[in-house]
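Work through the exercises below with the sequence and the structure side by side. Try each task before reading its solution.

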Amino acid sequence: TTNAGGFGFLAAASIPPGGIDAAIAAVKAATDGPFGVNFHMFQPNAEEVIEAILLHRVRAVSYGRGPDAATIGRFRDAGIECMPTVGAVKHAVRAVELGASIITVQGGEGGGHTGSVPTSLLLPQVLDAVDVPVVAAGGFYDGRGLAAALAWGADGIAMGTRFLLTSDSPVHPATLERYLKTGDPAAIRVSKAVDGLPQRFIDNEELRRMEGMRGPARFLASLRHSLSWGRAQGMSYAGMVRLALRALKADEAGFAATVMAPNLPRLVEQGLVSGDTRGGLLPSGQVAALIGELESCDALIARIVREAEERLAVLRHLPGSDRETVKQGARA
């Protein structure tokens, strides 16, 4: 993504303990451009990731369930931009208060953990509430979307599902084919069955099975996933308990989400990496239903830029418009 002219992020939340230094070094060896690292504070190697980010002086750090003000201050002191993803106005305001320098706003149509407010309503609200650069996410996949985001006043767009569905993607071919066959946005829906928090997935057998489980059965299944996930991460039982208590103390989702959280990485890995599109989970934004082919990152970004320039040129020539007014309104 970075080599194609975008700004790429390394997904550190899925990198096991002991692997983050090598992963960052591999990205640095593959590009001369800037890139960032994405993580959350409730992964077992969060402190290791923080120290690696500071050591390597990556350009930006992205997070959802984020670090505290002191850690954000360490990033800022090192010249690292802090760029949380939020799904509510109050979270955007709070993130800036904690020291965020850029805000990514994800509307409800986005994939993974998401809110209920669509981008078309959430984005202008956040733009009015904060004074830092804002990047729009949720439902973007082409140049028309980029032009629209700029017209709203955003400084750019972020895309997860669209970059997942590229020929450069490391996702299993069978899984990519399943995504491309999803022609109905309504089939990419929100569920709380996985970890107690609303998340958007492509509908499949595993998601329906989890939704059909009653409380005790779901609790026991989650406990099994927790133990399996913890052992795979090299954690002791005491370490698992400490991580659970830390998450329970800090996470507003409470006990159910804390116990159920390890469902997610195991089942997503099964779906995306192993290619099990029935027994794994397939996180996705609704925009997957509008994507019909796997372009390279180079071709994708070049096309989006071209399309956006074409749309903005049309707007500049509408009756009653002038170039400078449109440029200011789009913050282009």
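The model is predicted, so local features need pLDDT of at least 70 and side-chain atom pairs count only at pLDDT 80 or more, while totals for chains, interfaces and linings use all residues. Residues are numbered from 1 along each chain as its sequence is written, and side-chain values use heavy atoms, with hydrogens and water left out.

**Exercise 1. The whole chain**

State how many helices and strands the chain has, and what share of its residues is buried.

Solution. 
- Step 1: the chain has 15 helices and eleven strands. Helices (H or I, at least four residues) and strands (E, at least two) are DSSP runs, numbered from the N terminus.
- Step 2: of the 332 residues, 46% count as buried. Buried means under 20% relative accessible area, exposed over 50%, and partly exposed in between (1.4 Å probe, protein chains only).
- Step 3: among contacts in the chain with a separation of 6 or more, 61% are between residues 24 or more positions apart. Contact means heavy atoms within 4.5 Å.

**Exercise 2. H4 against H5**

Describe how H4 and H5 pack, and which residues meet.

Solution. 
- Step 1: two packed helices are described by the angle between their axes and the distance between the axes.
- Step 2: for H4 and H5 the angle is about 35 degrees and the axes are 9 Å apart. Axes are lines fitted to C-alpha atoms, for helices over the stretch in contact, and angles run from 0 to 180 degrees between N-to-C directions.
- Step 3: Val89, Ala92 and Val93 in H4 meet Leu122, Gln125, Val126 and Ala129 in H5.
- Step 4: by class, this contact has six nonpolar, one polar and no charged residues. Ala, Val, Leu, Ile, Met, Phe, Trp, Tyr, Cys and Pro count as nonpolar, Asp, Glu, Lys and Arg as charged, and the others, Gly among them, as polar.

**Exercise 3. Salt bridges**

How many salt bridges does a search of the whole structure find? Examine two of the pairs.

Solution. 
- Step 1: the search finds 13 salt bridges. A salt bridge is a side-chain nitrogen of Lys or Arg within 4 Å of a carboxyl oxygen of Asp or Glu.
- Step 2: arginine 74 pairs with glutamate 51 in a salt bridge, with the closest N and O atoms 3.1 Å apart. Arginine 74 is in helix H3 (residues 69–77) and glutamate 51 in helix H2 (residues 46–56), 23 residues apart, and the pair links distant parts of the chain.
- Step 3: arginine 74 is partly exposed at 38% relative accessible area, and glutamate 51 is partly exposed at 39%.
- Step 4: glutamate 211 forms a salt bridge with arginine 189, the closest N and O atoms being 2.8 Å apart. Glutamate 211 lies in helix H9 (residues 205–212) and arginine 189 in strand S10 (residues 188–191), so the pair ties together parts 22 residues apart in sequence.
- Step 5: Arg162, Glu295, Arg303 and Glu307 are linked in a network of salt bridges.

**Exercise 4. Aspartate 142**

Is aspartate 142 buried or exposed? Locate its contacts too.

Solution. 
- Step 1: aspartate 142 is in the loop between S8 and H6.
- Step 2: aspartate 142 counts as buried, at 6% relative accessibility.
- Step 3: leaving aside neighbours within four places in sequence, aspartate 142 is in contact with Arg303, Ile304 and Glu307.
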